[in-house]
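Let's go through this one together, feature by feature. Ask whatever comes to mind.

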Amino acid sequence: LRLGDRLAELRPRLLAVSLGGAAGTLAAMGGQGPAVRAALAAELGLADPGASWHSARDRLAELAGWATGLAACLGKMGEDLTLLAQSDVSEVRLAGGGSSSMPQKVNPVAPSVLVALARAAVALDGGLQGAVLHRQQRDGAAWFTEWLLLPQLLRLTGRAVLTAQALTETLAPDPARMAATLDGGLGLVHAEALAFALSRQMPRPEAQAAVADLCREARATGTALPRLAAARFPELPPLRVDLGTAPADARRFAREAVAQAP
C-alpha cells in the first residue's frame with residue numbers, strides 16, 4: 001500500500017518532458033526555449049521540469065529504487081510463505097508445486113520465484129544506481145547501462161506482481177495449526193505476559209528470573225507454563241495470549257487493501 005502511494009508521488013517527477021537542445025541550454029530557440037518546453041510538456045501531458053534533466057538521472061534511479069522496493073516487498077512475502085509451508089510447520093497450504101520424488105510434498109515454487117526475483121532486482125538496481133554517475137552533458141556508458149538493466153528490472157518486477165497475485169488467490173491458511181504452533185504444547189508464549197504480571201509485585205529483574213526458571217522447568221518436565229505459574233503464583237489471574245495490535249493491524253490492512261483494489 002505504501003509503495004502504491006509512492007508510485008503516485010513518483011509519477012509526475014518521472015514523466016517529465018526532455019527538451020534541452022544539444023547541450024541542454026535551449027540556445028537554438030533564443031528566449032523562447034522555456035516557453036516551447038512548457039508548451040511541449042502540456043501537449044504531451046507531461047510535467048515541465050523547468051530545466052534540462054538529460055544528465056541528471058535521479059528520476060530513473062528513483063524508478064529503479066521503487067521497482068526494487070516492490071520486488072523486495074513481494075520477496076519478503078515469498079520468504080515467509082516458504083517457511084510457513086514447510087512440512088514441519090504447515091501453517092499455510094500452497095497450490096501446485098508437487099514433488100517428483102515425494103508424493104506427500106508440495107514444493108514452494110511460487111514463493112521461491114518471488115525470492116529469486118527480489119534478489120535479481122536488488123542486483124540490477126545496484127547497476128542502475130551506478131548509472132547516476134553521468135559524465136558532463138552526455139554519457140553513453142551510463143545510458144547503455146540503463147538500457148541494459150532497467151527493462152529487465154521492470155519486467156521481473158511485473159512478473160513478481162503477477163506471481164504474488166496468483167499465489168494469494170490460491171494459498172490456504174490453517175488457523176488450527178497456527179494456534180498449535182503459537183502454544184507450542186508448553187504455553188511458553190505466555191512467558192512475557194507472566195513476567196509483566198509478576199513485575200507488579202516484585203522488581204522486574206526478579207520477575208524475569210522467576211519466569212526463566214519456570215520456563216526451564218516446563219521444558220524439563222513437559223508441564224505447561226500456565227499450570228506451573230498457577231501453582232507457584234496462585235494469586236495471579238489465569239494467563240491468556242495477548243496478540244496486542246496484531247488483529248487490529250491485520251483488519252485495518254485488509255480494509256485499506258480492499259478500498260484501494262481496482
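**Reading surface and pocket**

Q: Is Leu40 buried, partly exposed or exposed, and what is the reason?

A: The idea is to look at relative accessible area: under 20% is buried, over 50% is exposed, and partly exposed is in between. This model is predicted, so treat the value as computed from it. Leu40 comes out at 31%, so Leu40 counts as partly exposed. You'll find Leu40 in helix α2, which covers residues 33-44.

Q: Which residues make a nonpolar surface patch with Leu40?

A: For a patch, residues need over 30% relative accessible area, and nonpolar side chains are joined within 5 Å. Here Leu15, Leu40, Leu44 and Leu46 make a nonpolar surface patch of about 300 Å².

Q: And Glu43, buried or exposed?

A: Apply the cut-off again: exposed means over 50%. Glu43 has 67% relative accessible area, so Glu43 is exposed. Glu43 also sits in helix α2.

Q: How much space lies in the largest pocket?

A: A pocket is an open set of grid points with protein around it, and lining residues have an atom within 4 Å of a point. In this case the largest pocket holds about 1,200 Å³. Its lining has 22 residues, and Leu1, Cys73, Leu74, Phe253 and Ala257 are the closest to the centre.

Q: Which helices supply at least two residues each of that lining?

A: Those are α1 (2-14), α3 (58-84), α5 (140-170) and α10 (246-260). By type, the lining divides into 15 nonpolar, four polar and three charged residues.

Note on methods: Residues are numbered from 1 along each chain as its sequence is written. This is a predicted model: local features need pLDDT of at least 70, side-chain atom pairs count only at pLDDT 80 or more; totals for chains, interfaces and linings use all residues. Side-chain values use heavy atoms; hydrogens and water are left out. On a 1 Å grid over the protein atoms alone, a cavity is a set of points where a 1.4 Å probe fits but cannot get out, and a pocket is an open set with protein on both sides within 12 Å along at least five of seven lines; lining residues have an atom within 4 Å of a point. Grid points are joined across faces, edges and corners, and a volume is the space filled by probe spheres set on the points. Helices (H or I, at least four residues) and strands (E, at least two) are DSSP runs, numbered from the N terminus. Ala, Val, Leu, Ile, Met, Phe, Trp, Tyr, Cys and Pro count as nonpolar, Asp, Glu, Lys and Arg as charged, and the others, Gly among them, as polar. Patches are made of residues with over 30% relative accessible area and no salt bridge: like charges are joined within 9 Å, nonpolar side chains (Val, Leu, Ile, Met, Phe, Trp, Tyr) within 5 Å. Accessible areas come from the Shrake-Rupley method with a 1.4 Å probe; for residues, only the protein chains shown count as cover. A salt bridge is a side-chain nitrogen of Lys or Arg within 4 Å of a carboxyl oxygen of Asp or Glu. Buried means under 20% relative accessible area, exposed over 50%, partly exposed in between (1.4 Å probe, protein chains only).
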